[in-house]
Amino acid sequence: MTASPNPAVKLRSGSQMLIDALRRNGVEHVFGYPGGAIMPLYDALVGSGLQHYLCRHEQGAALAADAYGRSTRKAGVCMATSGPGATNLVTGIANAFMDSVPMVVITGQVPTALLGTDAFQEVDIFGITLPIVKHSYIVRDIATIPHLVDEAFQLAQGGRPGPVLIDFPKDISTAMGAEPDYQPLPPAEFTLPDTKAIKTASEVLGQARRPLVIAGGGITISDSVQAFREFAAHTGVPVTATLKGLGVMPTDDDCFVGMLGMHGNGAANHAVQNCDVLVVVGARFDDRATGQLAQFAPSARVIHLDIDPAEISKLRRAEVAVIGDLATALDGIRPGTAGRASWRAQCAAWKKEFAWRYDAPGKGIYAPKLLRDLSRLSPGDLTITCDVGQHQMWVAQHCKFDDPLDHLSSGGLGTMGYGLPAAIGVKIAKPEATVVCVSGDGSIMMNIQELATIKRYDLEVKIILLDNSALGLVRQWQELFFNENYSEVDLSDNPDFALVAEAFGIPSRSISKPGEVAAALDWLLSAEGPALLHVSINPRENVWPLVAPGNPNHKMMQANSAKKR
Amino acid sequence: MHTLRIQIRDNDGAVLRALGLIERRCYRLRSCVIGETNDGGRTMEVSVSSSRSGDLLKRQLERLHDVMKVELQPVAIVDGQHSAIRPLGRRN
Ligand SMILES: Cc1ncc(C[n+]2csc(CCOP(=O)(O)OP(=O)(O)O)c2C)c(N)n1
Ligand SMILES: [Mg+2]
């Protein structure tokens with residue numbers, strides 16, 4: 001404690017200093033949940049000008065902050081008390097880490113003197129989160145707060161973004177001291193790519209006869225979408241995308257061949273397996289995208305563009321590595337473009353051959369068609385958040401995205417329960433957006449309590465619940481790879497979801513027939529305030545195509561290769 | 001076998017962070033000597049065994065905010081045993 005001897009100097013508490021520092025870093029909204037060790041911070045919150053959103057579970061707060069961070073590219077902020085509050089944040093922190101999302105997490109902690117004594121609600125959250133944060137701090141002196149918080153934001157948002165944790169012991173949060181001298185941090189270093197590497201990339205790409213580009217999530221994170229589109233327009237190279245790269249090229253663009261990988265489109269997977277040069281932009285060769293790695297893009301020379309040197313040749317050797325700011329790299333790569341007409345024609349032919357079909361057999365509602373209709377009929381700025389499972393893959397396959405920020409999906413961690421809190425985070429970040437959460441009957445139950453948050457703040461979030469009475473994606477795998485030995489995937493005793501929504505004060509409707517879809521979507525989108533549309537679908541529906549584990553991407557199972565539908 | 005000399009800041013958890021990363025990325029820790037530098041920082045000299053690349057581990061360590069510098073020296077493998085660790089040369 002650095003109490004000033006001079007009575008004229010105004011003393012501030014550690015909590016007030018922390019809030020001052022948040023405000024100085026441009027924070028307006030925070031998500032959280034109070035409790036013992038963080039009470040001084042909540043005390044200082046009142047009247048501070050920061051708007052706090054009380055979620056109903058700390059995981060909801062962390063995932064809402066994740067979505068806020070994704071859609072603004074500025075750190076989302078969440079806070080919770082020590083012990084169980086802090087451990088409840090962990091899934092949200094891991095989610096942000098896996099998807100490189102800027103986030104600042106503040107946890108209350110027991111007083112410094114009690115650290116390491118198994119005090120009430122003491123948990124080593126600093127230690128627990130070491131593998132899933134970009135950096136973390138334990139605040140030990142109020143004088144360090146301004147600098148520490150500035151650095152936390154700089155780290156969370158700079159380079160390859162990620163979550164940063166600040167563990168805030170209670171005695172520090174109540175300690176009083178004079179406002180420490182404030183020295184702004186010098187701006188973060190900006191890695192510019194090597195011009196020689198850019199030149200080599202242009203040469204190698206210029207020699208290609210069957211070039212392909214993979215658009216990854218890094219393009220959105222680094223705000224390089226425009227540069228990417230100009231690069232694509234100049235080179236005319238066909239483009240595929242990872243889950244997180246969807247929308248970097250508009251879905252309907254001629255050069256876009258679809259998403260690659262396990263549930264990717266046939267055109268994308270054939271293009272990637274046949275290309276001779278593969279330009280990977282802000283993507284990291286995730287196993288869901290590559291299929292069996294050893295046979296991935298077997299004849300391709302790889303050009304890898306990424307801000308993170310540790311991604312280069314981690315899983316697939318890059319012949320050319322361009323490390324640094326993606327937009328600068330993309331602006332610099334201007335290869336010759338001759339001699340590719342037949343490859344482009346081949347990609348166009350694949351696109352035609354593997355175009356999605358919506359004439360599914362069966363009498364029930366076909367979810368892919370509903371999603372396609374939704375994203376084509378809705379007003380301009382539609383943002384879709386999803387949960388994890390079959391419905392998530394159908395969103396990726398069948399919705400149309402003109403902007404990658406219109407699609408928020410838990411990619412790296414695959415967190416069931418992301419959809420609802422994510423919708424809250426986006427709606428607060430972008431109040432003018434039409435936010436639709438597409439969830440499953442399993443996933444929605446993981447954070448169903450957030451309906452109360454939606455209601456309390458009257459957030460106009462539209463929920464489409466695709467109810468197949470099952471943990472569908474797991475059921476699909478048991479059907480295909482475990483001899484139909486169904487183990488703990490049946491949810492046929494689901495609660496009445498429409499009634500659940502009503503209990504939270506959220507209007508709802510249920511449908512089960514194709515003829516009801518158009519009117520129901522119209523109702524959902526034109527309803528004032530939040531609303532939930534409960535859609536019963538065929539429990540046996542599967543996601544196609546599917547690259548079975550251990551297979552290369554061109555070996556895709558189709559509907560008719562499965563035993564039963 | 002790879003040998004790395006790591007310079008880190010003396011921050012909360014810095015040593016754990018580096019060691020945790022090494023194990024998590026599937027490099028097996030064989031030896032580790034932690035010392036102090038004149039300016040209050042820490043040095044770690046670690047030997048690890050792995051089929052994965054030492055250079056990749058170096059780049060992964062360099063991502064950590066606490067890590068200031070990593071030098072990598074491969075150690076010759078003689079009959080399955082690693083030879084004595086030679087002093088690390090300055091590399092620039
Ligand atoms: C927190 C969490 N637990 C378990 C899983 C494994 N998992 C992946 S998809 C899935 C089923 C999801 O069911 P539902 O939300 O109903 O979606 P559906 O596949 O039926 O569309 C499960 C259990 C996960 N991804 N996340
Ligand atoms: Mg389901």
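Visitor: What is the handedness of the crossing of helix 1 of chain B and helix 2 of chain B?
Guide: In this predicted model, the crossing of these two helices of chain B is right-handed.

Visitor: At what angle do they pack, and how far apart are the axes?
Guide: Helix 1 (residues 14-24) and helix 2 (residues 54-62) of chain B pack at about 145 degrees, and their axes are 10 Å apart.

Visitor: Which residues make the contact?
Guide: Helix 1 of chain B contributes B:Ala18, B:Leu21 and B:Ile22, while helix 2 of chain B contributes B:Leu57, B:Gln60 and B:Leu61. By class, 5 of the residues in this contact are nonpolar and 1 is polar, with no charged residues.

Visitor: And what is the order of elements in chain B?
Guide: From the N terminus on, the order is β-α-β-β-α-β-β-β. In total, chain B has 2 helices and 6 strands.

Visitor: How much of chain B is buried?
Guide: Of its 92 residues, 37% are buried. As for contacts in chain B between residues at least 6 apart in sequence, 63% of them join residues at least 24 apart.

Visitor: Turning to the cores, how many residues has the largest nonpolar core?
Guide: The largest nonpolar core has 67 residues, and A:Phe228 and A:Leu305 have the most contacts inside it. Helix 21 (residues 517-526) of chain A gives the most to this core, namely 6 residues.

Visitor: What is A:Leu305 in contact with?
Guide: Leaving aside neighbours within four places in sequence, A:Leu305 is in contact with A:Val279, A:Val280, A:Val281, A:Gly282, A:Val322, A:Leu326, A:Ala329, A:Leu330 and A:Ile333.

Visitor: Which residues does the second core include?
Guide: That core is separate and has 47 residues, including A:Ala67, A:Ile125, A:Leu451 and A:Val461.

Visitor: A change of topic: where is the place of A:Thr220?
Guide: A:Thr220 is in helix 9 (residues 218-221) of chain A.

Visitor: Is A:Thr220 buried or exposed, and why?
Guide: A:Thr220 counts as buried because its relative accessibility is 8%, and buried means under 20%.

Visitor: What does A:Thr220 touch?
Guide: Not counting residues up to four places away in sequence, A:Thr220 touches A:Arg73, A:Val225, A:Lys244, A:Val248, A:Pro404 and A:Leu405.

Notes: Residues are numbered from 1 along each chain as its sequence is written. Chains are lettered from A and ligands numbered from 1 in the order in which they are written. This is a predicted model: local features need pLDDT of at least 70, side-chain atom pairs count only at pLDDT 80 or more; totals for chains, interfaces and linings use all residues. Side-chain values use heavy atoms; hydrogens and water are left out. Axes are lines fitted to C-alpha atoms, for helices over the stretch in contact, and angles run from 0 to 180 degrees between N-to-C directions. Helices (H or I, at least four residues) and strands (E, at least two) are DSSP runs, numbered from the N terminus. A crossing is left-handed if the near helix is turned anticlockwise from the far one by less than a right angle, and right-handed if clockwise. Contact means heavy atoms within 4.5 Å. Ala, Val, Leu, Ile, Met, Phe, Trp, Tyr, Cys and Pro count as nonpolar, Asp, Glu, Lys and Arg as charged, and the others, Gly among them, as polar. A nonpolar core is a set of buried Ala, Val, Leu, Ile, Met, Phe, Trp, Tyr and Cys residues joined through side-chain atoms within 4.5 Å. Buried means under 20% relative accessible area, exposed over 50%, partly exposed in between (1.4 Å probe, protein chains only).
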